[in-house]
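Subject: Structure for you to look at

Hi,

Here is the structure I promised to pass on. Please open it first, then read my notes below.

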Amino acid sequence: MAAGRASIDRVHEILSQPAEPVSGDPLPPLGDAVQIDDVHFSYPTRPQQPVINGVSFTTRPGEMVALVGPS
């Protein structure tokens, strides 16, 4: 439980940081949606153990997507 509490405290610490200004040219518009289909990923040190296995999703303008899991 202490490890979970420490993790939550760290997430709150990160989220409370003020946003830093971004320099450079703005990105061009992406259009209607971004679609991700059947993504697979494993670390080179453990190729037999998939970390992401067949993930698919679509995100539309204005939506925010995050992949979250255990460390």
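Start with one pair of residues. Glutamate 13 and arginine 10 both sit in helix H1, three residues apart, about one turn of the helix. Their side chains form a salt bridge, and the closest N and O atoms are 2.8 Å apart. Keep in mind that this is a predicted model.

How exposed are the two partners? Glutamate 13 has a relative accessible area of 41%, so it counts as partly exposed. Arginine 10 is partly exposed too, at 44% relative accessibility.

The structure holds two salt bridges. The other one joins the side chains of arginine 5 and aspartate 9, at 3.3 Å from N to O. These two residues also lie in helix H1, which covers residues 2–15. They are four residues apart, again about one turn of the helix. Here the partners fall into two classes. Arginine 5 counts as exposed, because its relative accessibility is 54% and the cut-off for exposed is over 50%. Aspartate 9, with a relative accessible area of 38%, is partly exposed.

As background, side chains of opposite charge can pair when their charged atoms come close.

The protein chain has 4 positive and 8 negative side chains. The centres of the two sets lie 12 Å apart.

Next, the fold. The protein chain has one helix and two strands. Along the sequence the order is α-β-β.

What is the radius of gyration of the protein chain, and what would a compact globule of 71 residues have? The chain has 17 Å, but a compact globule of that length would be near 11 Å. The C-alpha trace spans about 40 × 35 × 20 Å along its principal axes.

How much of the chain is buried? Of its 71 residues, 1% count as buried. The cut-off for buried is under 20% relative accessible area. The accessible surface comes to about 7,000 Å². Carbon and sulfur atoms account for 59% of that surface.

Last, the contacts. Take those in the protein chain with a separation of 6 or more: residues 24 or more positions apart make up 23% of them.

Best wishes

Key:
Residues are numbered from 1 along each chain as its sequence is written. This is a predicted model: local features need pLDDT of at least 70, side-chain atom pairs count only at pLDDT 80 or more; totals for chains, interfaces and linings use all residues. Side-chain values use heavy atoms; hydrogens and water are left out. The radius of gyration is taken over C-alpha atoms; the globule rule is 2.2 Å times the number of residues to the power 0.38. Buried means under 20% relative accessible area, exposed over 50%, partly exposed in between (1.4 Å probe, protein chains only). Contact means heavy atoms within 4.5 Å. Accessible areas come from the Shrake-Rupley method with a 1.4 Å probe; for residues, only the protein chains shown count as cover. Lys and Arg count as positive and Asp and Glu as negative; His and the chain ends are not counted. The place of a charge is taken as NZ of Lys, CZ of Arg, CG of Asp or CD of Glu. A salt bridge is a side-chain nitrogen of Lys or Arg within 4 Å of a carboxyl oxygen of Asp or Glu.
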